[in-house]
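These are my notes from going through a model on screen. I wrote down what I looked up, in the order I looked it up.

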Amino acid sequence: MEFAGKTALVTGSGAIGGLGHATARVLAAGGADLILTGTDPQRGAQVVEDLRAADGESTGAVRW
């Protein structure tokens, strides 16, 4: 999938391995800029780090 130039808002993305995280990984791999939300900022920071370190797959910006 190609999402370059698109911005996606992913809710419920504050847990590594959760559905929001998996969705964010697919969008990031497609080049989308991501805005992530969730209830736990510390876990959200972990998700952001994970997406940024995903073997260079993510080409877009990732923000919590």
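Which residues of E1 are on its covered face, and which are on the uncovered one? I found Ala8 and Val10 on the covered face, with Thr7 and Leu9 on the uncovered one. I note here that the model is predicted.

**Entry: overall layout**

I went through the chain from the N terminus and read the elements as β-α-β-α-β. That comes to 2 helices and 3 strands. I then looked at the dimensions. The C-alpha atoms fill a box of roughly 30 × 20 × 15 Å along the principal axes.

I looked up burial and surface next. Of the 64 residues, 36% count as buried. The chain exposes about 3,800 Å², and carbon and sulfur atoms supply 53% of that area. For contacts between residues at least 6 apart in sequence, I noted that 70% join residues at least 24 apart.

**Entry: the sheet**

I traced an open sheet of 3 strands in the order E1-E2-E3, and its pairing is parallel. Strand E1 (7-10) and strand E3 (62-63) are the edge strands, and each of them pairs on one side only. I checked the E1 pairing with strand E2 (residues 33-36) and found 4 bridges in the parallel sense. In that pairing, valine 10 stands opposite leucine 36 in E2.

I then placed the helices. H1 packs on the sheet and touches E1 and E2. Its direction makes about 170° with that of E1. H2 lies across E2 and E3 and runs at about 165° to E2.

I went back to the side chains of E2, which alternate along the strand. Leu34 and Leu36 point to one face and are buried.

**Entry: alanine 8**

Is alanine 8 buried or exposed? I have it as buried, because its relative accessible area is 15% and the cut-off for buried is under 20%. Alanine 8 has its place in strand E1. I listed its contacts, leaving aside neighbours within four places in sequence, and got Leu27, Asp33, Leu34 and Ile35. I also took one distance from alanine 8, to glycine 60. The two are 52 residues apart in sequence and 10 Å apart in space, C-alpha to C-alpha.

**Entry: lysine 6**

I looked at lysine 6 next, which is found in the segment before E1. Lysine 6 counts as exposed, because its relative accessibility is 52% and the cut-off for exposed is over 50%. Not counting residues up to four places away in sequence, lysine 6 touches Ala32 and Asp33.

**Entry: salt bridges**

How many salt bridges does the structure hold? I counted 2.

In one, the side chains of aspartate 50 and arginine 25 meet at 2.8 Å, N to O. Aspartate 50 lies in helix H2 (residues 41-52) and arginine 25 in helix H1 (residues 19-29), so the pair ties together parts that are 25 residues apart in sequence. I checked how open the two residues are. Aspartate 50 is partly exposed at 25% relative accessibility, and arginine 25 is partly exposed with a relative accessible area of 31%.

In the other, the side chains of aspartate 40 and arginine 43 meet at 4.0 Å, N to O. Aspartate 40 counts as partly exposed at 26%, and arginine 43 counts as partly exposed at 41%.

Terms used. Residues are numbered from 1 along each chain as its sequence is written. This is a predicted model: local features need pLDDT of at least 70, side-chain atom pairs count only at pLDDT 80 or more; totals for chains, interfaces and linings use all residues. Side-chain values use heavy atoms; hydrogens and water are left out. Buried means under 20% relative accessible area, exposed over 50%, partly exposed in between (1.4 Å probe, protein chains only). Two strands pair if DSSP finds at least two bridges between them. Contact means heavy atoms within 4.5 Å. Axes are lines fitted to C-alpha atoms, for helices over the stretch in contact, and angles run from 0 to 180 degrees between N-to-C directions. Accessible areas come from the Shrake-Rupley method with a 1.4 Å probe; for residues, only the protein chains shown count as cover.
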